[in-house]
Amino acid sequence: MRSEFLPFSSPNIGEAEIAEVVETLRGGWLTTGPKTRRFEEAFASYVGSRHAVAVNSCTAALHLALEAIGVREGDEVMTSPMTFAATGEVIRYLGGIPVFVDIDPVTMNIDASRIEGVLKRCKRPKAILPVHIAGLACEMDRVVSVAASHDLRVVEDAAHTLPTKYKGRTIGTIGDVTCFSFYSTKTITTGEGGMATTDDDRLAERMRIMSLHGISRDAWNRYTEAGSWYYEILAPGFKYNMSDVMSAIGLAQLRRAGEFHRRRQAIAGRYNDALSSLSEFLETPPDAPPDSLHAWHLYIIKLKLDRLTIDRRAFVEEMKRRNIGCSVHFIPLHIHPYYRDTFGYKPEDFPNAFQTYQRIISLPLYPKMTEADVGSVIGGLTEICQRHGR
Ligand SMILES: Cc1ncc(COP(=O)(O)O)c(C=O)c1O
């Protein structure tokens, strides 16, 4: 058994990030400025989009994206119930109505084949908001084609994706807007932070303006010699801009994204190999098809509860007793009190999401983990399955 607790997640901050931050602090420009511009340019070129707008969270990026595509009071946005709070709440910020579409129980992503059917019951459908769970892309061909045939916009929740690919295309270049997260557990981090990418000049401009009070120029333009004191408020915007201190960390992290991803792939590969011998008791997550790429932000196993004498809660506790931190992604939105009470949802309304939720456990997976750390997770799982299997 491990003597030290293995946290579920831990960021990988090295000398490169520290040097970038120190340079920024010495430079004296702390808020949105030259480093943020560089981070945006580097990010856009990494994913292959025309624009990248840096903000202080993925939640902010999603909010700005939905505002920019024109979601207004009463508009319906189709999304997956198997997601984090942010995906649903941003629809509500604008008075929109989240319309959940059940998931594919294997990939845990929105079941794209069900969208058309759900659309028939919508009164004012405006957009589809797919979430690429764990870093495995949704069936975007199908999402985009349904959207095109019903004049809907597509905003992607890509909080888990850098550097996910779908049929050779990097996520960030497919939907109208794609929103990334740099929260400290994510595949690259700025502590807190996010990015919205788009190829649409008008959407990029609107998101940029609304990210900083709806004013026509950002602080950098206003306060540098090239700028002036004058500005105009075009709309009541938000305060979502990313600071140069955060962008400094992001620039260094982005340069290491490939190295981080290779390590994540290696750990996922080791889990896949080792856990195949426990296939009586649990399912391992699907990899991406050969023309696509899994970011491996999360590694989610599904317990076979009928083959175990303990439930998921007890299983997570058993892992904790062995000094291994696990998590659950996600408690489906429709069973939370707010969505249940506001929209009258029952757990079985989305049976795949609800049943899958009871079986899932996210294992630790991050570049800083050593081979011994990975081995101890495998050892813990094996022991629990042996002791509590039936
Ligand atoms: C699927 C999903 N969407 C959105 C978010 C929100 O990201 P942020 O914390 O950067 O706002 C998260 C964060 O964990 C997430 O997992």
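**View 1. Met78 of strand 2 and its partner in strand 3.** In this predicted model, Met78 stands opposite Val99 in strand 3. Strand 2 and strand 3 run parallel and are joined by four bridges. Look along strand 2 and you will find Glu76 and Met78 pointing one way, with Val77 and Thr79 pointing the other way.

View 2. Which residue of strand 4 is the bridge partner of Val77? It is Ala127. Strand 4 runs parallel to strand 2, and four bridges join the two.

**View 3. Helix 4 and the unit it belongs to.** Together with strand 2 and strand 3, helix 4 makes a right-handed β-α-β unit. Helix 4 spans residues 85-93, and its buried residues are Ala86, Thr87, Gly88, Val90 and Ile91. As a reminder, an α-helix has 3.6 residues a turn, so residues three or four places apart point the same way. What do the buried residues of helix 4 pack against? Their partners include strand 2 (76-79) and strand 3 (97-100) from the unit itself, along with strand 4 (125-129) and strand 5 (153-157). Helix 3 (58-69) and helix 12 (337-343) are also packed against. Just after helix 4, have a look at Gly95, which takes a positive phi of about 80°.

View 4. Strands in the order 10-11-12 form an open sheet with antiparallel pairing. Strand 10 (282-283) and strand 12 (360-363) stand at the edges with a single partner strand each, so one side of each has no neighbour in the sheet. Strand 11 (residues 299-303) is joined to strand 12 by four bridges, and Ile301 has Ile361 as its bridge partner in strand 12. Helix 10 (residues 257-275) packs on this sheet, where it touches strand 10, strand 11 and strand 12. The direction of helix 10 makes about 20° with that of strand 11.

**View 5. The largest pocket.** How much space lies in the largest pocket? The computed value is about 470 Å³. The lining has 27 residues, and the closest to the pocket centre are Phe84, Ser181, Tyr183, Thr185 and Lys186. Helix 3 and helix 4 each supply at least two residues of the lining. Helix 3 gives the most, with three residues.

Technical notes:
Residues are numbered from 1 along each chain as its sequence is written. This is a predicted model: local features need pLDDT of at least 70, side-chain atom pairs count only at pLDDT 80 or more; totals for chains, interfaces and linings use all residues. Side-chain values use heavy atoms; hydrogens and water are left out. Buried means under 20% relative accessible area, exposed over 50%, partly exposed in between (1.4 Å probe, protein chains only). Contact means heavy atoms within 4.5 Å. Two strands pair if DSSP finds at least two bridges between them. A crossover is right-handed if, with the strands pointing away from the viewer, the path from the first strand over the helix to the second runs clockwise. Axes are lines fitted to C-alpha atoms, for helices over the stretch in contact, and angles run from 0 to 180 degrees between N-to-C directions. On a 1 Å grid over the protein atoms alone, a cavity is a set of points where a 1.4 Å probe fits but cannot get out, and a pocket is an open set with protein on both sides within 12 Å along at least five of seven lines; lining residues have an atom within 4 Å of a point. Grid points are joined across faces, edges and corners, and a volume is the space filled by probe spheres set on the points.
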